[in-house]
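Dear colleague,

I am handing over the structure below, and I would be grateful if you could look through it before reading my notes.

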Amino acid sequence: MGVKKVSSITSTKDDTKNIYKSNRRYTNRNSKSLNFPELDVKISKVSTVLLLLQSSEHDLVEKALHHLDKYASLGNHQLYELTENHIYEPLLKLIKSENMIVKKFTFKLIVQLILVIDECRKKLLTDDGLIEETKNIFMASMDDNLVEFSCIILQYISNDLKQIDIIGREEAFLREIFKKFTSHDPDILLQSLRLLNLIIRNSMLISFILTMKDFPFKNLQIELKNDCQQIQMAALESLLIISNCKHPFRNEFSSDRLIEEIYGMCMQSENLELQQMALKLYKNICRSDEKLLEKLSRHLTKFLQKFMDIKNENREETLSILIEFAELDDNRKIMCQNEIFKEIFTLIRENCSIEACNFVSVMSTNILCFEEIFSQNIYVILLDAAMSKRKSWENISTALLTFQKLVNLQGLQYLDEISENISWNVAAIIADSPPTFIILTLITILEKLACYSEVKMKICETNSLSNAVYSTLISSRRSTKLMIRLFNLIANYIDQKTFRISFNEFEMCEIIQYYLNSHVNQMKVSVCNLISMSSNYQELVTKIIDSGILKILHDNFDCSICSDGFEAMLNSDMSLKFSVRRKLDMNDRIRSGFYASKNPRIDFMKLRQIMSTEFESPLCPVYTINLSDAVEFPNFGRKIQKDRNLIELKNALYDEDFKISSDLEKVKFIARLVSSFLKSDDDCINHHLSMHLKTLKFKFSSSILPIGSLIYGNSFEAALLFKTLADHVNLNASLVADKNGKTWNEVLDENNIVDLIFDIGELYEFNSIAGQKYLQRIS
């Protein structure tokens, strides 16, 4: 029979399971007899017998209860049948019966129902009459059977925080518990100990209880020698709970007698759970005393030898005890000098041992142990263990979590030798269709490795990892949390070529489109983050724009999450940004590959369609910028003539006088250069420009024209050319076009407009009369 571990201070659902486990003998056919004589009443129907419980004759009630008890002892199925017939209703009426036989049978049935049936447990334990009568029986100590039953019921009642707070502050009730520690009935003693443990787990009550003068600390020590192992464990659990908090028993805990008893349990007990509890208590006692701490370290060698002597099949269980020792730093130094690591690594390699992995995790925080662990190539051992298909996912998860912890402890220098194999190992694990928690652990490891560029490059040298990640993304739509983590992981690795190639191969744009419409904000954030990271790579930008994702972002621009992704895409492509915003800021640079339409009514999708189609010829021209010698235009494969005139203008900016000029002089120089290149101050400029464009369209057989091919231009052409040249020499200048087509440049700061048409190179404040007059004249 198990005893509840002391990991939690407050009661949880696990308490119910442990109480049931500890008292399951009340639910089987071999339950303790109450020594009633055999009765001859034959049960035909449960409902008929239940009617007898309402009789006013004690004999009939006794017979009915006796047969119900025999019937309930047959198994859980019978208990469920009794519950369906609402047996708890007549039982609650009988709890105050003055007939002891009736009372015993009633409480025995109640205990059986509480232990097995959730529905009955909820109804019975919320009945004030049952709670009150149970406390009265416990306090009165009227009968051993009844007292034992009351202890079990009170254990369940103690799971209710409100009830435990009430009974845990009643000194008379607590003293009655203490009094029962002297009982000669082992069942009453055991149940009283378990009841005390449930109460003192409550952090709000333990300080109050431990300050009571008659707290039975000595009784707890005495019961450590009890012949009944369950009583030993219950007493040990009480001492362990006390040792975990501030207590007034420092001297008692430090007594040689108590320490020797606990040490004896650690070394001699064959019950592993008892060993672990004794060791935890031993460790807690030693932590509070330096002399005892030295003694603990001396004992460690014996524990290590015990571990080495145990046969392989039992080693993993015993290892959990060594982990308790390993949590003390001084002990890790001793362990590091022992050959125990060879055995630990064998357990991991052969069994993917959970306890062995936990041992490595604890030991790795010590510098000496850290070096010893990595000298054995622990990463390879853990990955090989995790890839073993013969082990459970729980074992594999522990191996991966240990791997993750070692990486977090800056063990990256030891990854060089196996970096190339990590992607293959991860892909192999994912190929086995692991549960979600395994994939999440793998993602955490990969996210950590992404922080280190060299390791990141090595594990991405092949496409095995990227293919595994994208495949998991496609097949894992069942888990929102997993999808979010996968999108974030891809965003971290999108700078690797293999991930960008797989992005196209796995048709990621369709998946992104699907999840952009998600109602989960965190999902949208992850998707938009991936879009933002992808915006740094032109091949992905083209794919995302052409797939319609940009339009979705644009249509949902009011959403702050989508607006971030949309802004990232605009900043990745100046042509796109200008066609959407009709403005380029001073920090936005025009480079070779830029194109712009003079017509503000052509949206970005239509403009890309024009650029992508060889024979598309819109009425309004599209101007291109090509400052290089390349003849093939980026993104679309469209062939554009080398813009020799624009290159000559660019070369004029390398004049010696220009280099030493102030920014203001540079503005005027470029303005004069643009004015000398484009005729724009003619009264008939629009007519001349129109005729000139027709000639160029005929010459190039297209409306897509290099900006350097123009000799006429109005405000749009002049401003575009000025911005191009200014950006080439990193001179702050913006390009602004309104919905009517008039265009201007703001220079040096946003308050100054440069005149490119009339008084060439003059600067006007934007809100000044001269500035507004200039804007009116160019419209």
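In this predicted model, serine 597 stands opposite valine 622 in strand S3, where a strand is a DSSP run of E with at least two residues and a helix a run of H or I with at least four, numbered from the N terminus.

As for the whole chain, it holds 45 helices and 8 strands, and of its 779 residues 55% count as buried (under 20% relative accessible area, with a 1.4 Å probe and protein chains only). Among contacts (heavy atoms within 4.5 Å) between residues at least 6 apart in sequence, 67% join residues at least 24 apart.

Residues are numbered from 1 along each chain as its sequence is written, and side-chain values use heavy atoms, with hydrogens and water left out. Local features need pLDDT of at least 70 and side-chain atom pairs count only at pLDDT 80 or more, whereas totals for chains, interfaces and linings use all residues.

With kind regards

Definitions and conventions:
Buried < 20%, exposed > 50% of the residue type's maximum accessible area, 1.4 Å probe, protein only. Pairing = 2+ DSSP bridges.
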